[in-house]
Amino acid sequence: MLFTLRMEMGRAMSVLAVILAVLVGCGGEYGGSEGGPSTPPAPTTTADGTPAAPPSSDVPPPPPPPKPIAVAPEDLEKWVWIPIAGTRCADDSEAGIGVNFTNQSRELVVFFQGNGVCYDALTCNLFKDLLVGMGPDPIEHLWWGNEKAGEVGIFDRSDATNPFRKSNFVVFPHCTIDAHTADKDSEYPGVGVVHQHGYANVTKALPLIVPTFADATRVVVAGFSAGGIGATANYHQIATAFEAVGKPPPLLINDSGPILRPPFLSKGAQDRLRAGWGLDVTLDAFCPKCASDGLHAIYETIAELHPGVRSSQLCAYSDSVVTMLYRLLNTDINVFDGTKLRNGLFDLEGWMADGQTRLAPSAHRSYYFVGDQHGTMVVGPLKDRAGLTAFLTAQVEGDSTWATVKP
């Protein structure tokens, strides 16, 4: 059942506190002031009148606030690796982010890479070769050895029809193989200890990303395959951080990482994911309905917590990789039934459509297409997929006629 995902599947308040602390510490327009009250002097005597001990000089000063990310002018519109202290890959080496900045705009896309998934002994042995760090050339590893992947689809600045061509890009690598959802270490026979902190990596990166783009004119959170799951799972903490500096809810695009409802994602599959990735610590902290109703409830929770968000799901009816993944998740031996994914996508779309009036002003739409292609945002020119650029443009521009595509 081997398959490859080579182009890939409450911390919010703590993130908010960190971001506010960073911005207040920056001074000026972000909260500090030179004329504010000074710290009162330490008392010179104790309560009984004896001289007070001098302040200890052994206490280290607090660390300086993180500085915004900067790249050299000659590195604009090139991929640059930014290591981030405290972030970890599956082998416990340091992670980070890949960035591609431009001076064409202050638009930002935060993108989540995909690849295999490791959540129990079977899958972690299946994808054992992916449980590695970023290696000596992190940018090469960011694209799994194919740097041209960083120039196609939404990353293609030469495509005049691409609504993201003038954007700044921040990309999270999937070196944790946890769909960017976990914050735990696990040990499996044949594999050893796997360090899966994809969700925590985002938490640690936000104090750098948000000050860098506190003036962003548009923020989009997107991901491909396992990264589509990651974009959805991390949307709340990213949106909360940007909303704290006065930004509207970012847009959300999940490309080929659908989180289906039961029975299409069975209770047993959800229990295995929950146990393997510790979702009770990450997702359930802001989405209690994800535990009680099913993981699909994250879509509804995002719409409720961030009124006005415009989210979308992109997927082929017979996506070959998603189909195999769901068969693996559900331990489904019926490999000849090619309609289950299509039925699951229709079920998800119908459920979301039924809630649109109640969830307004938030809006969710789907772009489905016939075929078995895995992904559509970063696997080739956007214009090659009929109606895709029009769909995405309507989403990001707030077009009132934005509608689901469901052939």
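The model contains 15 aromatic pairs, where rings of Phe, Tyr and Trp (its six-membered ring) pair if their centres lie within 6.5 Å. Planes under 30 degrees apart count as stacked, over 60 as edge-to-face and the rest as tilted. The model is predicted: local features need pLDDT of at least 70 and side-chain atom pairs count only at pLDDT 80 or more, while totals for chains, interfaces and linings use all residues. Residues are numbered from 1 along each chain as its sequence is written, and side-chain values use heavy atoms, with hydrogens and water left out.

Y119 lies in the loop between β3 (107-112) and α2 (121-126), and W277 lies in helix α6 (residues 267-277), so the pair ties together parts 158 residues apart in sequence. Helices (H or I, at least four residues) and strands (E, at least two) are DSSP runs, numbered from the N terminus. Y119 is buried, at 3% relative accessible area. W277 is buried too, at 2%. Buried means under 20% relative accessible area, exposed over 50%, and partly exposed in between (1.4 Å probe, protein chains only). The rings of Y367 and F369 have centres 5.9 Å apart and planes at 45°, so this pair is tilted. Both Y367 and F369 are buried. One aromatic cluster is formed by W79, F111, W143, F155 and F169.

Helix packing was examined next. The axes of helix α4 (residues 198-212) and helix α5 (residues 226-243) come within 10 Å and cross at roughly 25°. Axes are lines fitted to C-alpha atoms, for helices over the stretch in contact, and angles run from 0 to 180 degrees between N-to-C directions. α4 and α5 are therefore roughly parallel; angles under 35 degrees count as roughly parallel, over 145 as roughly antiparallel, 65 to 115 as roughly perpendicular and the rest as oblique. Their crossing is right-handed. A crossing is left-handed if the near helix is turned anticlockwise from the far one by less than a right angle, and right-handed if clockwise. Y199, V202, T203, L206, I209 and V210 of α4 meet A233, N234, Q237, I238, A241 and F242 of α5, contact meaning heavy atoms within 4.5 Å. These residues divide into 9 nonpolar, 3 polar and no charged. Ala, Val, Leu, Ile, Met, Phe, Trp, Tyr, Cys and Pro count as nonpolar, Asp, Glu, Lys and Arg as charged, and the others, Gly among them, as polar.

The axes of α5 and helix α8 (residues 297-305) also come within 10 Å and cross at roughly 25°. α5 is thus roughly parallel to α8. This crossing is left-handed. T232, A233, Y235 and H236 of α5 touch I298, Y299, I302 and L305 of α8. The contact has 6 nonpolar, 2 polar and no charged residues.

Helix α12 (388-396) is largely enclosed by the rest of the structure, because 7 of its 9 residues are buried. The buried residues are L388, T389, F391, L392, A394, Q395 and V396. They pack against β7 (218-224), β8 (251-255), β9 (310-316) and β10. Just after α12, G398 takes a positive phi of about 75°.

T376 sits in the loop between β10 (363-369) and α12. T376 is buried, at 3% relative accessibility. Leaving aside residues up to four places away in sequence, T376 touches D255, L314, F369, L382, R385 and L388.
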